[in-house]
Amino acid sequence: MSVQKLPIAKAINESLRKALETDPKVLIMGEDVGKLGGVFRVTDGLQKDFGEGRVIDTPLAESGIVGTAIGLALRGYRPVVEIQFDGFVFPAYDQIVTQLAKMHARALGKIKMPVVIRIPYGGGIGAVEHHSESPEALFAHVAGLKVVSPSTASDAYWMMQQAIQSDDPVIFFEPKRRYWDKGEVNTEAIPGPLHRARVAREGTDLTLAAYGPMVKVCLEAATAAEEEGRSLEVLDLRSMSPIDFDTLQTSVEKTRRLVVVHEAPVFYGSGAEIAARITERCFYHLEAPVLRVGGYHAPYPPARLEDDYLPGLDRVLDAVDRSLAY
Amino acid sequence: MTVESTAARKPRRTSGTKRASAKKAPQPKSSEPPLVQLLTPEGERVEHPDYAVDLTPEELRGLYRDMVLTRRFDAEATALQRQGELGLWASLLGQEAAQIGSGRALRDDDYVFPTYREHGVAWCRGVDPTNLLGMFRGVNHGGWDPSTNNFHLYTIVIGSQTLHATGYAMGVAKDGADSAVIAYFGDGASSQGDVAESFTFSAVYNAPVVFFCQNNQWAISEPTEKQTRVPLYQRAQGYGFPGVRVDGNDVLACLAVTRSALERARRGEGPTLVEAFTYRMGAHTTSDDPTKYRADEETESWQAKDPILRLRRYLERQGLADDAFFVALEEESETLGKRVREVVRAMPQPDSLAIFDHVYADGHALVDEERAQFTAYQASFEDADAADGSEGNGSEGGN
Ligand SMILES: Cc1ncc(C[n+]2csc(CCOP(=O)(O)OP(=O)(O)O)c2C)c(N)n1
């Protein structure tokens, strides 16, 4: 069957399965990825079918996981490693930033680093500290890394295929609160490039740009705005490094207004980069300054306050109002 | 300080307290490393040449009480999670002896760095158990002042706190104080670089720190063999300080071994690694499903080593506690459970603006600006509600 309706977590699972089947060099590594199938069950059943040599339960050591993945990649393997939660990537941050990202350049292009780092990220699941963070800007800031985040099951499937096939390291941010959202996956479709933004909904009055968990919120905002007679275009960026500024520019030239939405703190966040670039590219088209909606300059709050912290429909629509008021 | 001054190779205290009447501890199978034990699973007292404890009946009953109340608290928290009152709970079921034994070895001026499961140690420090629940309910990220009871905040990022403990201990030594520091962590944590680095630092600087590893056999789904090929306590040797494996379900042995390690630290002889060999009877947390990865037989075999039952057998056999004691304790447990339930249910929803509190000790312009924006944004809803109300039915609106 080439078209299936799958939750995002299962789409990733199917994608990993396909990669393990087609390329003997692909390895899955991480804490609890084997017998348990990962704490979100994304790797469920893979060890059973491919064995402990391909789907590897690692010691509880993130620096070790990424550091050894680098070595395995040097030896010709294509490791796909799981970091259990966003807040636990930092023990590995040194290996990612100082080693993984720079290896290709330092070897004058002679070696490749086909490592995928999967990170369930973002809030909205009522978790404890360090389980709800959005550190994508910290990675996008580092040259040598690709940083992507799917928002649909189809993208989850295909972007994972592309990430594994990429000879560059890819930080693959999985929107954990969307893991159970279902969508159609056509396993025979030919996908566009990994970094290509997608127009998730067409509109004429304003562009909402988002990625990962916020795409759904923006689509809902667009539906709500329609009732007020406003036509919002929603752009799913899909990739935070590189960013598809061409698609974004086309959209903004049409709508003349842009609001960028992400969960991560606004300060020094990806919205800042997008606002600056789009202002440069579309200065004479813009009717309003590019606005940003996101998290605050505060630690991710305890679960009972996350609804206040995370951008929801109201905050997005509020920004839309402000933009349209210019 | 130099490496030489660590004096790590001083012989261990052989206190000569061996009693003529004492039974010998059962010898472990040759494949298993030695385990310090003072109370067998059947509740029989045995002696160990290096570790002696001589407790009054009252002290023994005290340890029993601590374990029973800690278990009751833990069970209540698990139930509260099931009822939706807590978002998550990390149960200590089965690890009461390791925590109460080590916790009762501490002096008030010692400092504790826990991970996220040390509810029994918190109990020994006098931390109100309901304070531990705020972070699991999702109303705060800690909820107690670490300096009140010298009990640091829970640490969720695995292994991080062992370095904090080491640094704190380095400070204690610099100050010339004779306090000791204890860091708790799990067998999984032993794989983290931070833990290895804390071993290095504590050895090099001869820090007065005790590393208390509760080897509960599992790190979520991964057994200890996925973390190490040598018994964990033997790691210490490579860093130049002693390591000892203690029966983690034996509260007396945990007390004796921890006490001895703390005294060693106080004497300026540096760190010790204590591996408490124990078992996580429940799930890793309430989000975990252990049936996916471990066999019931294993769990059942550990049930026979229950730390509470073991001490109860001893107390009863020796006539150290009567029925009245157990009945009163049962009542005390119920009262504790009830109080925990009530306090948790009454925990107020935090104020939204708390997001912006304590981000910095000094002010910060951006935080101030965002707080003001957020306040205005919230007020806009109240205005809108008020307007809706007057339009609709003339009521005041808002809420
Ligand atoms: C750096 C880091 N990586 C992963 C996790 C997720 N995690 C939480 S607890 C745990 C297992 C810990 O096992 P262990 O150290 O043996 O302690 P135990 O929970 O068994 O007491 C894992 C992998 C984490 N909290 N921090």
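## Exercises on a predicted model

At 35% relative accessibility, A:Glu273 counts as partly exposed. Keep in mind as you work that this is a predicted model.

**Exercise 1. Find the salt-bridge partner of A:Glu273 and say how the two residues are placed in their helix.**

Step 1: Look for the partner. The side chain of A:Glu273 meets that of A:Arg277 in a salt bridge, at 2.6 Å from N to O.

Step 2: Recall the geometry of a helix. An α-helix has 3.6 residues a turn, so residues three or four places apart point the same way.

Step 3: Check the cover of the partner. A:Arg277 has 41% relative accessibility, so this residue counts as partly exposed.

**Exercise 2. Work out which parts of chain B are tied together by the salt bridge between B:Arg345 and B:Glu85.**

Step 1: Confirm the contact. The closest N and O atoms of B:Arg345 and B:Glu85 are 3.3 Å apart, and the two form a salt bridge.

Step 2: Locate both ends. B:Arg345 lies in helix H12 (residues 323–346) of chain B, while B:Glu85 is in the loop between helix H1 (57–82) and H2, so the pair ties together parts that are 260 residues apart in sequence.

Step 3: Compare with the cut-offs: buried means under 20% relative accessible area, and exposed means over 50%. B:Glu85 has 17%, so it is buried. B:Arg345 has 43% and therefore counts as partly exposed.

**Exercise 3. Describe the salt bridge between A:Arg198 and A:Asp236, and name the network to which they belong.**

Step 1: Read the distance. The side chains of A:Arg198 and A:Asp236 meet at 3.0 Å, N to O.

Step 2: Place the residues. This pair links distant parts of the chain, with A:Arg198 in strand S9 (residues 198–201) and A:Asp236 in strand S11 (residues 232–236) of chain A, 38 residues apart.

Step 3: Check the cover. A:Asp236 counts as buried because its relative accessibility is 0%. A:Arg198, at 27%, is partly exposed.

Step 4: Widen the view. A network of salt bridges links A:Asp155, A:Arg198, A:Asp236 and A:Arg238.

**Exercise 4. How are the rings of B:Tyr239 and B:Phe241 arranged?**

Step 1: Begin with the count over all chains, which comes to 42 aromatic pairs.

Step 2: Turn to this pair. The ring centres of B:Tyr239 and B:Phe241 are 6.3 Å apart and the planes meet at 35°, so the pair is tilted.

Step 3: B:Phe241 has a relative accessible area of 3%, so it is buried, whereas B:Tyr239 is partly exposed at 29%.

Step 4: Ring pairs join B:Phe73, B:Trp89, B:Phe136, B:Trp144, B:Phe151 and B:Tyr154.

**Exercise 5. Which rings have A:Lys25 and B:Arg312 over them?**

Step 1: In chain A, A:Lys25 lies over the face of A:Tyr77, at 4.6 Å from the ring centre.

Step 2: In chain B, the charged end of B:Arg312 sits over the ring of B:Phe326, 3.8 Å from its centre.

**Exercise 6. Is helix H2 of chain B mostly covered or uncovered?**

Step 1: Find H2 at residues 96–104 of chain B.

Step 2: Count the buried residues. They make up 8 of the 9 residues, and the helix is mostly covered. Among them are B:Glu96, B:Gln99 and B:Ile100.

**Exercise 7. Find where B:Ser221 lies and what its side chain contacts in chain A.**

Step 1: Locate B:Ser221 in the loop between strand S4 (218–219) and strand S5 (222–223) of chain B.

Step 2: Judge the cover. With a relative accessible area of 4%, B:Ser221 is buried.

Step 3: Follow the side chain. A polar contact of 2.6 Å joins the side chains of B:Ser221 and A:Asp32.

Methods. Residues are numbered from 1 along each chain as its sequence is written. Chains are lettered from A and ligands numbered from 1 in the order in which they are written. This is a predicted model: local features need pLDDT of at least 70, side-chain atom pairs count only at pLDDT 80 or more; totals for chains, interfaces and linings use all residues. Side-chain values use heavy atoms; hydrogens and water are left out. Rings of Phe, Tyr and Trp (its six-membered ring) pair if their centres lie within 6.5 Å; planes under 30 degrees apart count as stacked, over 60 as edge-to-face and the rest as tilted. Buried means under 20% relative accessible area, exposed over 50%, partly exposed in between (1.4 Å probe, protein chains only). A charge sits over a ring if NZ of Lys or CZ of Arg is within 6 Å of the ring centre and within 35 degrees of the ring normal. Helices (H or I, at least four residues) and strands (E, at least two) are DSSP runs, numbered from the N terminus. A polar contact is a pair of N or O atoms within 3.5 Å; within protein, one must be able to donate a hydrogen and the other to accept it, and residues adjacent in sequence count only if both atoms are side-chain atoms. A salt bridge is a side-chain nitrogen of Lys or Arg within 4 Å of a carboxyl oxygen of Asp or Glu.
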